Amino acid sequence: MAAPGENLRINGERLWDSLMEMAKIGPGVAGGNNRQTLTDADAEGRALFKRWCDEAGLTTGVDAMGTMFARREGTDPDALPVYVGSHLDTQPTGGRYDGVLGVLGGLEIIRTLNDLGIRTKHPIVVTNWTNEEGTRFAPAMLASGVFAGEHALDWAYDRKDADGKSFGAELERIGWKGEEAVGDRRMHAFFELHIEQGPILEAEGKDIGVVTHGQGLWWLEVRLTGKDAHTGSTPMNMRVNAGLGMARITEAVHRIAMDHQANAVGAVGQANVYPNSRNVIPGRAVFTIDFRSPDLAKLTSMRERLEKEAADIAAELGLGIEIEPTGHFDPVEFDAGCVSAVRSAADRLGYSHMDIVSGAGHDACWINRVAPTAMIFCPCVDGLSHNEAEEISPEWARAGADVLFHAVVDTAVIVE
């Protein structure tokens with residue numbers, strides 16, 4: 001038994017060709033992809049991935065959430081598998097690499113092992129998690145959340161999209177509802193390769209991000225109730241303006257996040273006022289707040305302070321207020337052994353690297369609850385993601401997949 005030598009590398013051209021081939025499915029309008037979960041395009045992308053897995057000699061299982069698991073057998077029938085993967089679904093205006101790099105990078109590990117005739121003690125399983133993005137069916141990371149026991153299966157099936165279609169019905173419609181119970185699989189470890197989705201690695205000139213932590217988050221929906229009134233004939237001192245309340249709370253979100261520096265962020269994302277007419281003072285406002293930090297104390301403090309300050313603002317303006325949490329997970333600390341495997345792989349291969357905290361949520365954040373887990377980041381141009389202009393270089397993709405290959409194969413143990 002031995003660790004993979006530094007001369008062992010994946011086939012970068014084959015990986016890049018696979019990324020470009022997958023990008024033909026669900027093309028966007030500006031060079032990216034619109035392959036939202038449980039759409040016909042998602043089904044087509046799954047079928048292509050399944051065909052590639054078949055060609056690589058893998059056995060593919062599908063669980064009741066539609067998550068795909070493509071297995072290469074190990075030499076020890078009792079050894080738990082090493083899992084690797086990410087997701088194939090995209091945002092409505094998504095890029096070609098977010099998630100996809102991690103799935104096809106995992107497939108490239110298998111192809112390379114096949115090319116070299118290398119066997120591992122532990123099986124290796126390449127995974128495509130369903131509905132990581134959460135853009136059609138909220139919340140994000142839905143299937144991995146059910147796998148980790150965070151969500152109930154029936155609750156997940158009942159999630160509705162904007163047209164009122166349920167997750168469960170759409171999963172059946174596209175033909176990817178499996179019979180396997182969700183969460184029954186036991187893992188020796190899980191590794192996920194992903195683009196950074198931020199500007200740090202490119203700015204620092206690093207090839208690899210060794211992800212040590214993932215930020216926790218609170219998503220809070222705020223509903224303000226005032227009084228619709230004519231903008232021209234209502235005196236300023238007699239207004240009950242929900243739009244003004246939203247503006248002041250938005251400013252408070254920014255100030256609270258700045259007061260919790262470093263390593264804390266916050267913003268108002270989705271925002272709506274009603275009746276949304278140019279000459280009507282808004283009588284209602286509904287908006288979402290996103291707080292994130294890798295520090296649980298800071299994350300908790302930001303939420304508590306926001307709830308107090310928002311209530312004070314509403315009282316001052318005579319507004320009714322409701323605040324409802326719509327998403328939450330605590331900060332993640334990835335497994336020290338898996339993180340060390342990633343760092344050692346980057347050192348062995350001579351790639352520049354740095355420790356980094358993930359600003360976005362990933363399937364790995366849920367899987368870390370049930371198995372030793374780590375993530376690998378590669379840079380993306382200008383840190384741009386969730387955008388059709390998202391871009392990486394073939395060299396960045398190759399470096400990330402090389403490190404993934406070494407970390408996974410080292411963990412799965414080469415058999416000489």
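Setting aside neighbours within four places in sequence, Phe 191 is in contact (heavy atoms within 4.5 Å) with Val 82, Tyr 83, Val 84, Gly 85, Cys 338, Ala 341, Val 342, Ala 374, Leu 404, Ala 407, Val 408 and Thr 411. The model is predicted, so local features need pLDDT of at least 70 and side-chain atom pairs count only at pLDDT 80 or more, while totals for chains, interfaces and linings use all residues. Residues are numbered from 1 along each chain as its sequence is written, and side-chain values use heavy atoms, without hydrogens and water.

Phe 191 also belongs, with Phe 49, Leu 104 and Ile 392, to the residues with the most contacts inside the largest nonpolar core, which has 96 residues. Such a core is a set of buried Ala, Val, Leu, Ile, Met, Phe, Trp, Tyr and Cys residues joined through side-chain atoms within 4.5 Å, buried meaning under 20% relative accessible area (1.4 Å probe, protein chains only). Helix H12 (residues 394-412) supplies the largest share of this core, 11 residues. A second, separate core of 24 residues includes Ile 256, Ile 289, Phe 291 and Leu 299.

Turning to the sheet, 4 strands in the order S10-S12-S8-S13 form an open, antiparallel arrangement; helices (H or I, at least four residues) and strands (E, at least two) are DSSP runs numbered from the N terminus, and two strands pair if DSSP finds at least two bridges between them. Strands S10 (265-274) and S13 (320-329) stand at the edges with a single partner strand each, so one side of each lacks a neighbour in the sheet. Strand S8 (residues 216-225) pairs with S13 over 9 bridges.

Key:
Buried means under 20% relative accessible area, exposed over 50%, partly exposed in between (1.4 Å probe, protein chains only).
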